[in-house]
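Visitor: I am new to this structure. Please show me how to read a contact between two chains.

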Amino acid sequence: MIVAAAPREQTRARYPDEDGFVERNGVRIFWERYGETEPTILLPPTWELVHSRCWKMQIPYFARHGRVLTFDPPGNGRSDRPRESAAYERSEVAEYAVAVLDAARVERAIVVSWCDMGESLILAAEHPQRVSGLVFIAPALPVHEREVPEFSFDDELDTDEGWAKENRHYWLRDWSGYVEFFISRMFPEPHSTKAIEDAVGWGLETDAETLLVGFRGWDTKEIDPATTVELCAKVRCPVLVVHGTADELVEPERACSLAAELGGAAVLLEGSGHGPHARDPVKINTMVREFSKSVAPLEPEVGRWTRALNRRKRALYVSSPIGLGHARRDVAIARELRSVVPDLEIDWLAQHPVTAVLEQEGERVHPMSVHLANETGHIESESAEHDLHCFQAIRRMDEILLANFMVFNDLVRDEQYDVWIGDEAWELDYYLHENPEQKRAAYVWLTDFVGWLPMPDGGDRESFLTADYNAEMIEHIARFPRLRDRAVFVGNPDDIVPESFGPDLPTIRDWTEQHYDFAGYVTGFDPKGLEDRDALGYRDDERVCIVTVGGSGVGAHLLRRVVDAYPQAKERVPDLRMIVVAGPRIDPAALPQQDGLEIRSYVHDLYRHLAACDVAVVQGGLTTAMELTANRRPFLYFPLRHHFEQNFHVRHRLGRYGAGRCMDFETDGPSEIAAAIAEELGREVDYLPVETDGAERAAKLIAELL
Amino acid sequence: MAVELAAEREQTRARYPDDSGYVERDGVRVWYELYGSGEPTVLLLPTWALIHSRHWKMQIPYLARHYRVVTFDGRGNGRSSRPQGAETYSIREFALDSLAVLDAIATERAVVVGVSCAALWGVLLAGEHPERIAGAAFIGPAVPLARPHSERVVHSFHEQLDTSDGWAKYNLHHWLTDYRDFLEFFVGKCFTEPHSTKQIEDMIGWGLETTPEVLADHDAGIDLPLGVDFAELCKRVRCPVLVIHGDQDALHPLERGAALAEATGGRLVTLEGSGHLPQARDPVKVNLLIREFVESLR
């Protein structure tokens, strides 16, 4: 059973610059425009089972190189759901396209269609002056007579099995059953869960009644073979046809015949199903871009190439913005790397808040970084009260991750680096393994946890999904061991959770020990001399409690609860001085005030205060918790609900160090917090020591490649 | 240290021509070679008579796998005639030889690629015969659109000098006295890149296949009035243009390539660290750039 994507649309990597409706014969069609410059790429809708979000992996990339127009079909998305079948005719959809081009004041566009049933062909044949090039992805256009389907669409059938579901009566009885069946056939590639969930979600935004207005079987939906051939003869623009060899919905022979009929190039994607633009977006995007360049040559650009032996050694560091911890450790590793490879030039591809740290440190942020879609904003939008379903939040970031990979890919096409370093740069690692031919430099992958783990309340579905993600990763590494030249675990083998990747998969620790080098933990600072209380304005006769949730906006609920605990804690510990650090994304004025309690929006060098405090209250993020561990401070930590990394990986690691007291946001209220603060205050800790040479060890592993 | 020359016998080629022959104009015979049968036809132009068509040896096998490639030995070297007199080596004569070769192989339209002073006849062809030229790529173009290197304008070419140091070797009397010494100096300037021994040996070998008298005539021929201002001619070029220029080119500064790209509306690719003849020294990069350029014309 597939769980459709949540009704709330996930964060887009790019939002339209203009949108609106065009109206034709009383039908309102919703369109969007992204980007301002030529060339224009028009992405028309296909069957109204899905809407314009089906282009989500293409829009951000094409919009960075030109203008993109999309529109929703009649019957889905934000367009009307007309009750007259004429509104769904393919020739009518071609006219909607013309109306959208007019509304966006676009003279000519390259049309990139998916599963075209006639609309794009009609558009190019009947309005040649509006179409400068035509790309067909998995076209359903028949050049020869079709096979008669096994089951009747209109008759009552005595079975619901397989394609018998493609039946008027079944649709009305179990629309979601049909949508799930059809969409699952669309993506036969393994590990397609997200693409399937997305498309099922779009299918459920409309209904059987609406689809039935414009559908009486494929033979009437698609234009007929004779018309197809006739229209092909009229097309004059360049054509590219792309089709998956494993397409279960439309046989690839149709694409080959169509390309032959049009005199265009046909590219077969081995192993791809019916939706390669969703499933192999890097390949499709780069192919369409090449096609677009050949159709609409751009102003000549200035090129530059440096002879191999004239090149400086250069590294591109891609540092994940999710969790502020990466920035500091990556800067520390970069510093060590420069001391081993003195002439190394390091560029950073990064976004806020990593860039704030980098600028402070005088590091060079590559200008292409401005094109990165915002990841932290998305993560915040996915969170609720002390709750972040981090696995789902990362899944729902697929569009952003791909958009950011395409930025990376453009950058490394233009500029040569000796090594790419990705610290939990998921987009880089994932899409490189999906597109291994894109590797052009040594590549180092860094992470502090391995293995997606299900939360108990996610049930079977979440267990299945995390195991599927783990399996894909394991298959990626097994098939392309050359891709990661170094895989560096920021930690030690004992930090790895004693769990399995999933049913029939190896245990995480065994596999990680086989596939990673271990750098030890990287704090990014030297703990010696940090505990100087005087310099920070703390007196010896006061007991300092720092409350912080890091840089994220997810922590306001926890801060509020600790504020509520302050009076009771103060009663228990009269010399308590509590300082609540709201951080850049939480308004301190929005927090309740208490007599004697200090609330600050920002504390410079917070890590020094954490090193000098008597007790701290924090979230379950690895960085802050490990800073406290390294500095041997007592602390309470509250893992975010549904955050598998904080609940399993971090908790396991802190347990190993004997560090921190794990609290439960569910059950621990103000009095429990006050009691725990009183108990922890001044406790002699017996934590395992944290190594201080992690950055140096990581840098040495990287330097071997330079 | 004196350069040991490659054996006089031509080294084994990676690919031999499918067809070859002579075209003759006013008694001057020009030797052409044709490789491959793809589309379009790519004409690899001759350059200064110091070298002949073997200077394209790193391009021919690759390009001929994709296109129909034609080369010819410019008059004055290789298997072509060595006429006498500046007027027989004018820019226009080289353009007319090019058209005659295209006619001989029944080719209406071609992409031209040229090194150094081949840009002079290449621009003339593209500007005056747009119907014959689909695109033009120029490598280290020796065009009078920007100032030459200052050290090249210190000494007279015709006067007897009291020095033969450096660019003073670019002097008729020195050529006639010690041609080999000039060749070694000049070819060394062509390849500023370290580790260029093979390219240098090749080029000196080709240089020894002609005479200083021919080179002097060729230089004088290039200086003859063209009848049209070269900058004006550049503006007439309508076909796509690619300019490839090394920023360590000791013969013709990068500014000349940049100016040619600007004047023709073409694309400039700067090769950092490259000298005057990157088609020999960085053949992979140059081959890929030519291929990409030819593909962009489709």
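**Reading the interface**

Guide: This is a predicted model. Start with one pair: A:Arg307 and B:Asp282 form a salt bridge. Their closest N and O atoms lie 2.4 Å apart.

Visitor: How many salt bridges does the rule find across the interface of chain B and chain A?

Guide: The rule finds two. Next come polar contacts: eight residue pairs are counted between chain B and chain A, both partners at pLDDT 80 or more.

Visitor: In what sense do strand β9 of chain A and β8(B) pair?

Guide: In the parallel sense, over four bridges. Strand β9 of chain A covers residues 303-306. Look at A:Thr306: it stands opposite B:Glu272 in β8(B).

Visitor: How is the size of an interface often given?

Guide: As the accessible area lost when the parts come together. Here, chain B and chain A bury about 1200 Å² between them. Carbon and sulfur atoms give 48% of that area.

Visitor: Which residues in chain B lose the most area to chain A?

Guide: B:Arg267, B:Thr270 and B:Glu272. Together they make up 43% of what the chain B side buries.

Methods. Residues numbered from 1 in each chain as written. Chains lettered and ligands numbered in written order. Predicted model: local features only at pLDDT ≥ 70, side-chain atom pairs only at ≥ 80, totals over all residues. Heavy atoms only, no water. Buried area = accessible area lost by both parts, 1.4 Å probe. Salt bridge = Lys/Arg side-chain N within 4 Å of Asp/Glu carboxyl O. Polar contact = N/O pair within 3.5 Å; in protein donor to acceptor, adjacent residues only side chain to side chain. Pairing = 2+ DSSP bridges. Helix = DSSP H or I, 4+ residues; strand = E, 2+ residues; numbered from the N terminus.
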